Amino acid sequence: MENKIKVLIDKIKNAKSIVISGHKNPDGDSLCSALALMKIIELNFGKKSTVIYDGNVPKFLDEIPLRNQTCFHVHIPESTKFDLCILVDYGTRSHLGGAEKFVAAADFIIEFDHHFNDDLVGNLCFDDTTKAAASQVIYDVVKSAKFKTDKDIIDLLTLGIITDTGGFKFVRNSTVLKDAAELVDSGADIAYLTNLLNNSDKKTVLVESMAAANAEFLMKGRLVIATIAKSDYKKLDGRGELVLNILGQIHGVEYIVLLKEQKENQIGISLRSKHDPINKIAEDLGGGGHLCAAGAVVKDSLENVREQIINAFKGK
Ligand SMILES: [Mn+2]
């Protein structure tokens, strides 16, 4: 770790321009980790970096600190060369989105991630799959390097943990709770930060509740499939987490599937499981993710994808 931190410090010190990006269609951890790093670099090295994103930033993240300092990637000329590129929470190469062109042009790439990935993009990798959030990986580095922090950094790192653990519901080891406890001691207010995320549009909440109300129950109620039709897809905010949350509360439900018709013959699939891993199903569909929370995008009709999903769950 010590050696890697030396390289990290050297690369940041010598960089003339720095771009930071999370994965396409950023979630809370991805965006908060990127913004936290931006502020860490500013506070400790006196350098500005550019935080870019691709896809849509969910509206529930509107009130997070420094939100207005993110930049949609197309607003930066394609010919721009950042000599240092930092990737956070990206997962796999195919999730880089608009950051890909800056990755290709950069002299050096640093990554901070907690996803399992056997095709690493970074030249210097701070990866730890035991961590619940990329922001937890960053917090580790902050402590090892003895970097200065401020309220924005503390709040953003805490928000990364809150969002990726579903408000501490998906905590699988104690390290994330220890880190959260330290962040609270450093000034993070969990209740305040949790409320900061209650920002969704009325139409989003209504569409997601409706999708839950119309869901189909299979396998004696162990599998539930909800659907968002193309006409409602635009009203979604992020991944449709509310649908998954509502259905997951039902007694006897073990697997929750949300099919989102993103456009004609393109279905976004979110898979959740209460216990049994379902990441293999996501991988077989060309996607990936965590053991019990994964997803994929399949280019086929809603009806065909529904059939595929039902077949994939046969034998479970
Ligand atoms: Mn994450």
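Leaving aside its neighbours within four places in sequence, with which residues is H23 in contact?

Tutor: In this predicted model, H23 is in contact with S30, D89, Y90, G91 and H95, once neighbours within four places in sequence are set aside. H23 itself is found in the loop between β1 and α2. It counts as buried because 27 C-beta neighbours lie inside 10 Å, the cut-off for a buried residue being 20 or more. One of its contacts, H95, is 72 residues away along the chain, yet the C-alpha atoms of H23 and H95 are separated by 5.3 Å.

Strand β1 comprises residues 18–21 and is covered on both faces. On one side I18 and I20 are buried, and on the other V19 and S21 are buried. S21 belongs to this strand and counts as buried because it has 31 C-beta neighbours inside 10 Å. Not counting residues up to four places away in sequence, S21 touches A34, I52, Y53, L87 and A99.

Two of those contacts are also residues that S21 faces across strand pairs. With β4, β1 pairs in the parallel sense over four bridges, and here S21 stands opposite L87. With strand β2, which covers residues 50–53, β1 pairs in the parallel sense over three bridges, and here S21 stands opposite I52. Between β1 and β2 the chain passes through α2, and this β-α-β crossover is right-handed. In general terms, strands of a sheet pair through backbone hydrogen bonds, either parallel or antiparallel.

L66 lies in the loop between β2 and β3, and its phi is near 65°, a positive value in a residue other than glycine. L66 counts as partly exposed because it has 19 C-beta neighbours inside 10 Å.

In α4, the residues A134, S135, Q136, V137, I138, Y139 and V142 are buried. These buried residues pack against α2 (28–45), β4 (84–88), β5 (108–113), β6 (124–127), α5 and α6 (174–185). Two packed helices are described by the angle between their axes and the distance between the axes. For α4 (residues 134–144) and α5 (residues 151–164), the angle is about 140° and the axes are 7 Å apart. A134, S135, Q136, I138 and Y139 on the α4 side meet L157, G160 and I161 on the α5 side. By type, the residues of this contact are five nonpolar, three polar and no charged. Just after α4, K146 takes a positive phi of about 55°.

Strand β8 (residues 223–228) runs parallel to strand β9 (residues 255–263), and six bridges join them. In β9, V257 is the bridge partner of I225. Both strands belong to an open sheet of six strands with the order β7-β8-β9-β10-β12-β11 and mixed pairing. The edge strands of this sheet are β7 (216–218) and β11 (288–289), each of which pairs on one side only. Helix α12 (residues 302–312) lies across β7, β8, β9, β10 (266–273) and β12 (293–298), and runs at about 160° to β9.

Between β9 and β10 there is a loop that contains N265. N265 is not a glycine, although its phi is positive at about 60°. N265 is partly exposed because 13 other C-beta atoms lie within 10 Å.

To return to the request, H23 is a buried residue in the loop between β1 and α2, and S30, D89, Y90, G91 and H95 are its contacts beyond four places in sequence.

Technical notes
Residues are numbered from 1 along each chain as its sequence is written. This is a predicted model: local features need pLDDT of at least 70, side-chain atom pairs count only at pLDDT 80 or more; totals for chains, interfaces and linings use all residues. Axes are lines fitted to C-alpha atoms, for helices over the stretch in contact, and angles run from 0 to 180 degrees between N-to-C directions. Helices (H or I, at least four residues) and strands (E, at least two) are DSSP runs, numbered from the N terminus. Two residues are in contact if their C-beta atoms, placed from the backbone, lie within 7 Å. Ala, Val, Leu, Ile, Met, Phe, Trp, Tyr, Cys and Pro count as nonpolar, Asp, Glu, Lys and Arg as charged, and the others, Gly among them, as polar. A residue is buried if 20 or more other C-beta atoms lie within 10 Å of its own, exposed if 12 or fewer, and partly exposed in between; C-beta atoms are placed from the backbone. Two strands pair if DSSP finds at least two bridges between them. A crossover is right-handed if, with the strands pointing away from the viewer, the path from the first strand over the helix to the second runs clockwise.
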